[in-house]
Amino acid sequence: MSGNRKNAGRTAAETWRVVWPPRRRVQAVLVLALAVAAVLLFRVRHDVRQARLDLRMAEAAIAGADFEGLAERAPQLLGLAARQAAGESRWREVADLYDEYAEHLPPALLEAAEVELGLDRAAMEDAAAGAGEVAAESPIEPPASAFEKRLRRAQLVDASGIQQLLFDRRGRPLGSIGDDRSLTLEQNLPAGLVPPELATHLLPPALQPPGLAAAGPGAMAASTVGARALRLTIDRAWSEAAARALGREEGAITILEIPSGAVLAAVSNRNRRSRWRARGDSVLDPREPASIAKLITTTAAMRAGLDPDSEIADMTCRGSVLMDGERLYCAAIGGRLRGLTDAMASSCNVAFARLAMDVGDRALVEEYERYGFVIGGAQGEAVPRNAVGVVHEYRHPGKRLGDLSIGLEEASITPLGAAVFAATLSDGLRREPRFVLQADGLLGISPRTPVANDPEAVAVLDPSWLPALHESMRAVVSPGGTANRVAPRRLRVAMKTGTARGPDKPFHVNYVGFFPSGRGQLPRYAFAVRVTAQPTSSRIRRAGYAVTNRLLRALDGLVGEEIEAGARETIRLTGTLAARPRADSVAVRAPVRGRSDAATGAGP
């Protein structure tokens, strides 16, 4: 009898092993685990999505200080943040729940949650470490969160004479515009991080979005106030990096996102103290473009049906060129030139002046107009709104044509216009720079509007011209170029340098560029660097190089890994390195002769 039971037991076990072999059992466990994970992920996403929707009701609750009711309607993370802001001192609970969610949220959603709450991981970790060292009967006073500061700021909008609050593109506070249209920055932000002209020059009534419901004591009707807060395209992280790059040098830096025309940074520094101090450049102050204008002369020649590479390859630089009885000088005697890349890398004045003679002054002025320059206006006058710069007169006979071809005396450009110019060179399309992303609520937590490509971009350059143009610009940062090794390698920057001195003014530089360039990737970011207030060309070049180097190293830290990953993916998809640009071989060819500025002419 017992034997029959044993046999039956063996039969059942053998049947189990046959029906559910180890591999099938593992598969079943994995399927069950995936199903449970999917359910949990759905619940987490649903809760967070619901919390973000509920918190949008915060502005309506602020007027009556109904924080408790808000906390009841905003569950989980954001609800606890509202309670903490209301004074319940549950900061530790907020941090704990945040850490719990952080294990499940995708990185993009996690970053959004950090911005929504204004949470600082480092501050939370410090608070947690301190909590372990203090006795249980001595609770730590929780730090004031950025979320609480937003609530208080929103309540005081009208009482403080604030017309509009300003947030960066990620919803971080930047400052405010007062009733007198003056700009006030947050206390922890350096002066010059946001253009002072933003309040009056860049935010006309036509750009102000429809009004939102104002929240806070004494709030006026939305129809009479307009948008009480604006989300700008400016990014605080990029702007702070640009401000650090300027350091103590006087000047301005502008960075654009090329496809959309969004201005990510527009910083300036007017704090330099020396007898060479300029009047203080902002992103809208005009100065001579200098040698960056040689790119305009190049495309004017292409439009006229000339091949700049072959034209320049037939030239010899003897240090000057005679133009209707007057001489235009070069920074050095270059000898026989080897084409466009050689002339652009060494910034040879003679080559581009002779190219302009073949093109003519009318065609060259019209080329300036295509890039967004306007005709007319004395040197130093303010550049009209939305213009890249100014060409002071229509006709340029003799040496004046040479000066126009190399960016001296006959034209002016602003740092903002220079960045737009660089973006146009990147893909051939001219876009209006954008500072306003969308209207926002007083807490700066409205849903983000995706930044789209500019549908009104104007075609300026033939796409077939871009490879040769970009190759010549990449040579500028290659061995022998005027900006050799200024940029980290993985950014793959294409740029042009320019140095000039206006009448009775100190020297200044304009450096423009974009990245990434080459390897099949489309350029995404354009930049312009203006540095001034130096007594000699050599000192201003050293200052300009140092500022640009610091800027590009900082940008490499922000987007370098992303660009490098994109390059690897492009190479993987193409399966070949044959598409690598010829500019990589600049150093293999005969080295380009290095030169310095001539005090009387445009330099590198």
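How many bridges join strand β8 to strand β9, and in which direction do the two strands run? Hold that thought while you get your bearings.

**Before you click**

This is a predicted model, in which local features need pLDDT of at least 70, side-chain atom pairs count only at pLDDT 80 or more, and totals for chains, interfaces and linings use all residues. Numbering starts from 1 along each chain as its sequence is written, and side-chain values use heavy atoms, with hydrogens and water left out.

Show the whole protein chain as a cartoon: there are 20 helices and 20 strands. Helices are DSSP runs of H or I with at least four residues, strands are runs of E with at least two, and both are numbered from the N terminus. Of the 604 residues, 51% count as buried; buried means under 20% relative accessible area, exposed over 50%, and partly exposed in between, with a 1.4 Å probe and protein chains only. Among contacts with a separation of 6 or more, 67% link residues 24 or more positions apart. Contact here means heavy atoms within 4.5 Å.

**Stop 1**

Select 320-323 and 326-329. Strands β8 and β9 are joined by four bridges and run antiparallel, which settles the opening question. Two strands pair if DSSP finds at least two bridges between them. Met323 stands opposite Glu326 in β9. Two residues sit between the strands of this hairpin, and Asp324 in the turn has a positive phi of about 50°.

**Stop 2: an open sheet**

Now bring up the five strands that form an open, mixed sheet in the order β3-β2-β1-β4-β15. At the edges you'll find β3 (183-185) and β15 (436-440), each with a single partner strand, so one side of each has no neighbour in the sheet. From one strand to the next the twist averages 25°; axes are lines fitted to C-alpha atoms, for helices over the stretch in contact, and angles run from 0 to 180 degrees between N-to-C directions.

Zoom in on β2 (residues 173-178), which runs antiparallel to β3 and is joined to it by three bridges. Pick Ile177 and look across: its bridge partner in β3 is Leu183.

**Stop 3**

Start at Ser347, in the loop between α14 (340-346) and α15 (349-359). Ser347 isn't a glycine, yet has a positive phi of about 55°. Buried or exposed? Ser347 counts as buried, at 2% relative accessibility.

Move on into α15. Eight of its eleven residues are buried, so α15 is largely enclosed by the rest of the structure. Just after α15 comes Gly360, with a positive phi of about 95°.

Next is α16 (residues 361-371), where Asp361, Leu364, Val365, Glu367, Tyr368 and Tyr371 are buried. Look down the axis of α16: the buried residues fall within an arc of 155°, so they line one face of the helix. That arc is taken from the directions from the helix axis to the C-beta atoms. Gly372 follows α16, with a positive phi near 110°.

**Stop 4: where α18 crosses α19**

Select 415-427 and 466-474. The axes of α18 and α19 come within 8 Å and cross at roughly 125°. That makes α18 oblique to α19, given that angles under 35 degrees count as roughly parallel, over 145 as roughly antiparallel, 65 to 115 as roughly perpendicular and the rest as oblique.

Show side chains: Leu425, Ser426 and Asp427 in α18 meet Leu466, Leu469, His470 and Met473 in α19. The residues of this contact divide into four nonpolar, two polar and one charged. Here Ala, Val, Leu, Ile, Met, Phe, Trp, Tyr, Cys and Pro count as nonpolar, Asp, Glu, Lys and Arg as charged, and the others, Gly among them, as polar.

Beyond α19, Arg492 is in the loop between α19 and β17 (494-496). Arg492 has a positive phi near 55°, and is buried at 11% relative accessible area.

**Stop 5: two prolines in one loop**

Finish between β19 (507-515) and β20 (525-534), the loop that holds Pro516. The peptide bond from Phe515 to Pro516 is cis, with omega near -10°.

Pro523 lies in the loop between β19 and β20 as well, and at 13% relative accessibility Pro523 counts as buried. Which residues does Pro523 contact, leaving aside neighbours within four places in sequence? They are Ile258, Ser426, Phe514, Phe515 and Pro516.
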